[in-house]
Amino acid sequence: MSRFFTERLRELVPYTPGEQPRDMQYIKLNTNESPFPPSPAVLEAVARESGRLQLYSDPNCRNLTNRLAELYGVSPRQVILTNGSDEVLNFAFQAFADEAHPLAFPDVTYGFYPVFAALNGIPYEEIPLKEDFSIDPADYIGIGKTIVIANPNAPTGLCLSLAEIEQILQSNPNNVVIIDEAYVDFGAESAVGLVDRYENLLVVQTFSKSRSMAGARLGFGIGSPALISDLHTVRYSTNPYNVNRMTEAAGEAALRENDYYMQNCRAICQNREATAKGLRQMGFEVLESRANFLFARSEAIGGECLYQQLKQRGILVRYFSKKRIEDFVRITVGTAEQMEILLNTVKKILEETTP
């Protein structure tokens, strides 16, 4: 830390992304990326647009905005495109939370929420999950704070129903409720259909998971025109050219071939259920995920030990040292072949470590 670093940020603990080691070839099941490549049309669109990099991108992403609006049944005025969903979350924190409107989110959830809150000097409350790691909607009823809920939640994969989300929206009419749907395409129900009924609802999604574009950095928010206008004010005050030309072209092409990506999501869901069954047969507790990952623990081996043993054998999973979830590992769902290798490797580790 330099002596010039502002006092306000000296205590900031940054977000820790999933590791990307280069020392060997790994089966990478630690960062919730899609195991499937982008469609050929996406690659062609990126190649075409790469020849125009001397020109700024469209700050309004009009073509992609219109396509997204059509797909989700909303007006283009209800859509904002961003550099990954992390950016729209950061914009939303800046726009809708402050000392008078502190934040509230679960104590076990996406690790960027407390980081963005601290970065922007916003007070926040972490509300404990229930004993079974689910979110209790009653904890958010009428709390009068800006609420952020990942649905499905990460790293648990558990969901709230739309009826439960509506209860939260109705009881907090003077505060924005942000529903982070990064994993919604893997079995949860989207809240996008509620945005015309609740002016305080902002839905956030990403192209990173279900549309195989984690490396392109493309996210979006959907809400009332007034909320989206607020977010654009922050965006134009920060970086109006936040989505580059190649990423916008890739996003348009991906939406034209949306059936390809939704088919991939169905395959991932099938692999998820088969993997969960295999882990349970080995004695693991596996939460009922509606995301592209599984959250699992075993009484036979600790979470950190399993993570280390798998890494030594060329398989990366995600381990969190937070006290309440330190016995778990989070396993991204890959191809059927990758998951078979994972299950066989876990079986061998248990045989070697269990007396």
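View 1. Helices here are DSSP runs of H or I with at least four residues, strands are DSSP runs of E with at least two, and both are numbered from the N terminus. The relative accessible area of Glu49 is 14%, so this residue counts as buried; buried means under 20% relative accessible area, exposed over 50%, and partly exposed in between, with a 1.4 Å probe and protein chains only. Setting aside neighbours within four places in sequence, Glu49 is in contact with Arg245, Met246 and Ala249, where contact means heavy atoms within 4.5 Å. A word on reading these legends: residues are numbered from 1 along each chain as its sequence is written, and side-chain values use heavy atoms, with hydrogens and water left out. Because the model is predicted, local features need pLDDT of at least 70 and side-chain atom pairs count only at pLDDT 80 or more, while totals for chains, interfaces and linings use all residues.

View 2. Asn32 is found in the loop between strand 1 (27–28) and helix 1 (40–49). Although Asn32 is not a glycine, its phi is positive, about 60°. Is Asn32 buried or exposed? Its relative accessibility is 1%, so Asn32 counts as buried. Cys61 belongs to the loop between helix 1 and helix 2. Cys61 is not a glycine either, and its phi is positive at about 45°. With 2% relative accessibility, Cys61 counts as buried.

View 3. Which strands lie alongside strand 5? Strand 3 runs parallel to strand 5 and is joined to it by 2 bridges; two strands pair if DSSP finds at least two bridges between them. Ala104 has Ile147 of strand 5 as its bridge partner. Strand 6 (residues 177–180) also runs parallel to strand 5, with 4 bridges joining them. Here Ile149 stands opposite Ile179 of strand 6.

View 4. Pro152 is in the loop between strand 5 and helix 5 (162–171). The peptide bond from Asn151 to Pro152 is cis, and its omega is near 0°. Pro155 is also placed in the loop between strand 5 and helix 5. Ala154 and Pro155 are joined by a cis peptide bond with omega of about 15°.

**View 5. The largest nonpolar core and another core apart from it.** A nonpolar core is a set of buried Ala, Val, Leu, Ile, Met, Phe, Trp, Tyr and Cys residues joined through side-chain atoms within 4.5 Å. The largest one has 85 residues, and those with the most contacts inside it are Leu68, Leu81, Leu201 and Leu279. Helix 8 (residues 258–281) gives the largest share of this core, 7 residues. Apart from this core lies another, of 27 residues, including Tyr113, Val176, Ile178 and Val204.

**View 6. The largest pocket and its lining.** On a 1 Å grid over the protein atoms alone, a cavity is a set of points where a 1.4 Å probe fits but cannot get out, and a pocket is an open set with protein on both sides within 12 Å along at least five of seven lines; lining residues have an atom within 4 Å of a point. The largest pocket is lined by 50 residues, and Tyr15, Thr16, Tyr110, Gly111 and Arg318 lie nearest its centre. Helix 4 supplies the largest share of this lining, 4 residues. Among the elements that each supply at least two residues are helix 3 (84–96), strand 3 (103–106) and strand 12 (318–319).
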